[in-house]
Amino acid sequence: MHAREDALREAEAARLEALQALLVALRGSCSGGGIFNDEDRFVDAAEALQSMVAKDAANKGMVLSLGGVPLLAAPLMRGSVGEGALAAVAALQVVVRGNTPCKDALQQANAIPSLVAMLNAGPRADIAQEALQTLEDLTCGHEGSSSAVLTAKGAPVIVMLTQQASPGSNTQRQAIATLLNIASCGDRACTAVAAAGAGSMLLEVMAEPHTAKITRMAALDLLKLMTHVSPNRRNLDKMHP
């Protein structure tokens with residue numbers, strides 16, 4: 001029994017030491033203002049941290065307590081759209097998934113407007129895709145993050161992404177899922193999503209024969225949610241043929 005407890009303590013100490021080393025690397029390769037002085041080193045550290053957290057969700061608490069969330073968010077807030085930003089968003093995505101304290105930390109770091117801005121990453125479609133997935137994870141069951149997306153004018157951008165996405169694509173599914181997460185936070189949020197043009201977009205998605213089943217179900221759930229708010233119901237009724 002004692003041997004097992006000792007082994008667990010040793011494993012936890014080793015994980016803590018490894019995470020501390022990675023955070024030192026992140027801190028040393030990116031200044032407090034989010035400017036890279038060694039982007040390759042930052043990428044390596046962020047990818048290694050992402051791998052550790054993906055293998056063991058218990059590492060999320062360590063990353064949080066060691067101040068890892070704002071460290072990863074720093075280059076995003078600087079407006080970087082290079083490989084360092086891609087690695088940072090991918091790591092944050094895994095860190096915040098299903099973890100409310102980590103979501104709180106990212107919101108408190110005021111990084112959500114930067115994630116919304118990354119949805120318009122120009123030729124870097126990979127960064128926009130990672131940012132969208134991160135926003136989907138962030139807004140799932142987290143009213144603060146959903147409110148921050150709305151404040152950052154993210155709903156119209158996400159609606160636009162849905163309209164531009166290929167029917168049945170992962171981007172379309174992620175965008176609608178994110179809008180559904182936001183609209184689920186109450187009547188005001190739902191009305192804001194509707195005001196961004198979600199109603200007509202959802203009807204188009206439902207009418208498209210190549211829309212994936214899971215996306216169609218999310219679109220239907222969002223439409224149902226929107227019709228419970230009276231201003232949305234009147235507008236949606238006008239859209240029906």
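**His142 and its surroundings**

I began with His142 and looked up its partners: leaving out residues up to four places away in sequence, His142 touches Thr100, Lys103, Asp104 and Gln107, where contact means heavy atoms within 4.5 Å. The model is a predicted one, in which local features need pLDDT of at least 70 and side-chain atom pairs count only at pLDDT 80 or more, while totals for chains, interfaces and linings use all residues. Residues are numbered from 1 along each chain as its sequence is written, and side-chain values use heavy atoms, with hydrogens and water left out.

I then placed His142 in the loop between H8 and H9; helices are DSSP runs of H or I with at least four residues, numbered from the N terminus. His142 counts as buried because its relative accessibility is 5%, and I noted the scale: buried means under 20% relative accessible area, exposed over 50% and partly exposed in between, with a 1.4 Å probe and protein chains only.

**Helix H8**

Next I turned to helix H8, residues 125–139, and asked how many of its 15 residues are buried. I found that 11 of the 15 are, and that H8 is mostly covered; among the buried ones are Ile127, Ala128, Leu132, Glu136 and Asp137. The buried residues of H8 pack against H5, H6 (100–108), H7 (112–118), H9 (143–151), H10 (154–164) and H11 (170–183).

I also checked the length of H8: its end C-alpha atoms are 21 Å apart, which agrees with the 21 Å that 15 residues should span at 1.5 Å a residue, since the expected span is 1.5 Å times one less than the number of residues. Just after H8, I saw that Gly141 takes a positive phi of about 70°.

**The largest pocket**

I looked up the largest pocket, which holds about 150 Å³ of space. A pocket is found on a 1 Å grid over the protein atoms alone, as an open set of points where a 1.4 Å probe fits, with protein on both sides within 12 Å along at least five of seven lines, and its lining residues have an atom within 4 Å of a point. The volume is the space filled by probe spheres set on the points, which are joined across faces, edges and corners.

Which helix gives the largest share of this lining? I found that helix H8 does, with 4 residues. The lining includes Leu119, Asn120, Arg124, Ala128, Leu161 and Thr171, and its residues divide into 6 nonpolar, 4 polar and 1 charged. In that division Ala, Val, Leu, Ile, Met, Phe, Trp, Tyr, Cys and Pro are nonpolar, Asp, Glu, Lys and Arg are charged, and the others, Gly among them, are polar.

**The nonpolar core**

The largest nonpolar core has 74 residues, and those with the most contacts inside it are Leu49, Leu106, Leu115 and Leu202. Helix H5 (residues 83–96) gives the largest share of this core, 10 residues. Such a core is a set of buried Ala, Val, Leu, Ile, Met, Phe, Trp, Tyr and Cys residues joined through side-chain atoms within 4.5 Å. I followed Leu49 and, leaving aside neighbours within four places in sequence, found it in contact with Leu19, Leu22, Leu23, Leu26, Val63, Leu72 and Val95.

Just after H4, Gly79 takes a positive phi of about 90°.

Ser80 is found in the loop between helix H4 (68–78) and H5, and it counts as buried because its relative accessibility is 15%. Not counting residues up to four places away in sequence, Ser80 touches Phe36, Pro75, Ala85 and Met118. I also compared Ser80 with Glu39: they are 41 residues apart in sequence and 11 Å apart in space, C-alpha to C-alpha.

Is Asn110 buried, exposed or partly exposed? I found it partly exposed, because its relative accessibility is 48%. Asn110 lies in the loop between H6 and H7, and has a positive phi of about 60° although it is not a glycine.

Lys153, in the loop between H9 and H10, has a phi near 60°, a positive value in a residue other than glycine. I recorded Lys153 as exposed because its relative accessible area is 61%.

Notes
Helices (H or I, at least four residues) and strands (E, at least two) are DSSP runs, numbered from the N terminus.
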